[in-house]
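Let's take a friendly walk through this structure, one part at a time. Here it is to look at first.

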Amino acid sequence: MFDSLSERLEGAFKTLKGESKLTELNIAQSVKEIRRALVAADVNYKIAKEFTDTVKDKALGQENVLNAVKPGQLMVKIVNDELVDLMGGTVTDIDIKGKPAVILIAGLQGSGKTTFSGKLAYHLKGNRRKSPLLVACDVYRPAAINQLSVIGEQINVPVYKEMDNQNPVEIALKGIAHAQAHGHDVVIVDTAGRLSIDEKMMEEISNVKEAIQPNETLFVVDAMTGQDAVNTAKSFNDRINYDGVVLTKLDGDTRGGAALSIKYTVGKPIKFVSMGEKMETLDVFHPDRMASRILGMGDIISFVEKAEMQFDEEKAKKLEKKIRKNKFDFNDFLEQIGQIRKMGDLKSLINMIPGMSKMTKNLDIDDSAFNKVEAIIFSMTPQERNHPELMNLSRKKRIAKGCGHSIEEVNLFLKQFDQMRKMMHKMSKMPGMGTGAPTGG
Ligand code: GDP
């Protein structure tokens, strides 16, 4: 996700390499590159300009300060904070109070509405202990109703449908009554979309909204469509005044423009991001974590959360502590690999681990990618696994023999592990970065 934006931003920070402090000149150079990176990621020019003007002002404020932090790191911190801000600052929860709470799903055809409806039901059921009902209101496409039924079966959530009824308002109201009668506490209403915005669709969705008075209206949009996504989001909001945005297909080759521009342009927060066709691939949108991912620093929190399904705070804290003390060892690494295996969808997960996306950039990743690494670690003694710093030539030779890989391969892995460990450690020390340290100031 956002690979080329990340790369370009990294290039922008590199222009500060070797500088001892921020100056008007080096700030200007770096900021120009940042602006180019944003525009190339399909961020609207006006937003990119305003963004970099703020970054520039903040950097100039640091100009004469001799800081323990290097200029490049300082700039990363400034850009990070501004990215978080641009994407809305904090997490915005959905309103699921009410008996039942009603959530209306809107968007163009093909945006991923039906898939998201299923994912949301799965999320509410698994993570928030709700008992959802899905309601199929796409009266124009029987296939869409069937699709929702299939999804419902897959996740074990009932679907309310009326194949012969052409009136979405009626179906939605009856669906809600059905939920009340059967003890469901959340109703998710999937509506019809069209290939492009038209008056009839807008009127229909407004009518449904008016009739069912939802707690929450979510607008679903395909992130791959960049600026178009932003424009569609604006038109819909002008008409139906929704509460939040869902960005789908972030697992694809998305440049980032939509994620970065929607809050600014429409004034509504992104609430969820969808990253695949599997029901598990839905994330609550955290601006800070997204910023950290864009800046190529991974997203260890989301990673741990995913790994644990129900976030095990103890474990995450322990891991964070180890990283901070630079004590992340091979056992921790093995554990992470084991968890990734359990979750599938390796590619999107990889990017959450700091430093990992670079390590694996040119590899064709599949589930067997970690076989070699595991074999190497399994050939280590328990002591070596706990203390990566013990490694020396004779140990490496023994390990290579034990796992059946060459000493060069063992060396390469150890080097990459060391780099990753250092990067994680460095990140954990940066204010406001990584694993939830207070931002200060
Ligand atoms: P709807 O017409 O808005 O209901 O859209 P669908 O839910 O039918 O999705 C359209 C297509 O996009 C389907 O082939 C989905 O499998 C696919 N899709 C939906 N969400 C995602 C996502 O987050 N990532 C990817 N890669 N595909 C998705």
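Begin with helix α5, which lies across β1 (101-107), β2 (132-137), β4 (186-191), β5 (216-222), β6, β7 and β8 and runs at about 170° to β4. Helices (H or I, at least four residues) and strands (E, at least two) are DSSP runs, numbered from the N terminus. Angles run from 0 to 180 degrees between N-to-C directions, with axes fitted as lines to C-alpha atoms, for helices over the stretch in contact. Keep in mind that this is a predicted model, where local features need pLDDT of at least 70, side-chain atom pairs count only at pLDDT 80 or more, and totals for chains, interfaces and linings use all residues. Residue numbers start from 1 along each chain as its sequence is written.

Now for the sheet: 8 strands form an open, mixed arrangement in the order β3-β2-β4-β1-β5-β6-β7-β8, where pairing requires at least two DSSP bridges between two strands. At the edges sit β3 (159-160) and β8 (282-284), each pairing on one side only. Inside the order, β6 (residues 244-248) and β7 (residues 270-274) pair in the parallel sense over 3 bridges, and Val 245 has Ile 270 of β7 as its bridge partner.

Next, turn to the ligand. Which residues come nearest to the ligand? Of the 18 around it, they are Gly 112, Lys 113, Thr 114, Thr 115 and Ser 274; a residue is near if its C-beta atom, placed from the backbone, lies within 6 Å. Helix α5 (residues 113-128) gives the largest share of this shell, 3 residues.

Methods
Two residues are in contact if their C-beta atoms, placed from the backbone, lie within 7 Å.
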